[in-house]
Amino acid sequence: SAKVVKKRPSTANSSTKTPAVSTTNTTTTPPTANVVAPSESQDKATKPTAPPGSSRPWTQITPKLSPHMLKGIADFGFTSMTPVQAATIPAFLSYKDVCVQAVTGSGKTMAFVVPILELLSSPKKQLTKHDLGAVILTPTRELAKQITAIITKFLPFLPKKLSVSQCIGGRDVQADVHGIFENGCNILVAT
């Protein structure tokens, strides 16, 4: 299958703190979402121009977010998307592969958590207790814990019961496996 890669052009303006975004069109709908959080130590020298509509409210995103997701976002206190969210969430919701490099605090975590939860809680997606729908890999335990906490805060707003589990270094692997077996795991956050 053919793939098309779109990249945002870079600018030399050092005051711009917007993300470098690359999307890939795919011809099939993937059964799961695999997301790799970028390392904070990656080169941050590239500063592309802001994507159009980067301060749009969450209600104006296309494809539309469900009312339960909008309630969860409102509970976090967010009224509009950051540039990284405006650039990536529509692509992610359209089943395109997304790769983002952006500075700390730019909204990367919500840029992949929102579409993962939106897609997995869709009425079209039927996940059982042990069906894995997403794997999120992080470089550190601290980031894995942060992502798990954000996902956990969203879960009460979803119309479906989804579960999130962590497998991180420094813990007993057998205990993690037992926890997944007992509680199920639809979203795995791991190092």
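**Backbone, core and rings**

Visitor: Where is Pro63?
Guide: Pro63 is in the loop between β5 (47–48) and α1. Helices are DSSP runs of H or I with at least four residues, strands are runs of E with at least two, and numbering starts at the N terminus. Keep in mind that this is a predicted model, where local features need pLDDT of at least 70 and side-chain atom pairs need 80 or more, while totals for chains, interfaces and linings use all residues. Residues count from 1 along each chain as its sequence is written, and side-chain values use heavy atoms, leaving out hydrogens and water.

Visitor: And the peptide bond from Thr62 to Pro63, cis or trans?
Guide: That one is cis, with omega near 0°.

Visitor: What's the phi of Tyr95?
Guide: Near 65°, which is positive in a residue other than glycine. Tyr95 is in the loop between α2 and β6 (97–101).

Visitor: Is Tyr95 buried or partly exposed?
Guide: Partly exposed, since its relative accessible area is 32%. The cut-offs are under 20% for buried, over 50% for exposed and partly exposed in between, with a 1.4 Å probe and protein chains only.

Visitor: Switching to α5, what caps its N-terminal end?
Guide: Asp172 does: one of its side-chain oxygens lies 3.3 Å from the backbone nitrogen of Gln174, and the helix covers residues 173–183. After α5 comes Gly184, with a positive phi near 80°.

Visitor: Now the inside. Which residues touch the most other members of the largest nonpolar core?
Guide: Val114, Leu117, Ile151, Phe154 and Ile187, out of 33 residues in that core. Such a core is a set of buried Ala, Val, Leu, Ile, Met, Phe, Trp, Tyr and Cys residues joined through side-chain atoms within 4.5 Å. At least two core residues come from each of α1 (67–76), α2 (83–93), α3 (108–120), β7 (134–137), α4 (141–154) and β9.

Visitor: Which element gives the largest share?
Guide: That's α3, with eight residues.

Visitor: What does Val114 contact?
Guide: Leaving aside neighbours within four places in sequence, Val114 contacts Trp58, Leu65, Met69, Ile73, Ile89 and Phe154. Contact means heavy atoms within 4.5 Å.

Visitor: How about Val189, where is that?
Guide: Val189 is in strand β9 (residues 187–190). It is buried, with a relative accessible area of 0%. Beyond four places in sequence, its contacts include Ile136, Ala144, Ile151, Val164 and Cys167. Thr148 is another contact of Val189; the two are 41 residues apart in sequence, with C-alphas 6.6 Å apart.

Visitor: How many aromatic pairs are there?
Guide: Two. Rings of Phe, Tyr and Trp (its six-membered ring) pair when their centres lie within 6.5 Å; planes under 30 degrees apart are stacked, over 60 edge-to-face, the rest tilted. Phe76 and Phe78 are stacked, at 6.1 Å centre to centre with 10° between the planes.

Visitor: Why is the pair of Phe76 and Phe154 called tilted?
Guide: Because the planes are at 35°, with the ring centres 4.8 Å apart. This pair links distant parts of the chain, as Phe76 is in helix α1 and Phe154 in helix α4, 78 residues apart.

Visitor: Is Phe154 buried or exposed? And Phe76?
Guide: Phe154 is buried at 0% relative accessibility, while Phe76 is partly exposed at 22%.

Visitor: What lies over the face of Phe76?
Guide: Lys153, at 4.5 Å from the ring centre. That label needs NZ of Lys or CZ of Arg within 6 Å of the ring centre and within 35 degrees of the ring normal.

Key:
Polar contact = N/O pair within 3.5 Å; in protein donor to acceptor, adjacent residues only side chain to side chain.
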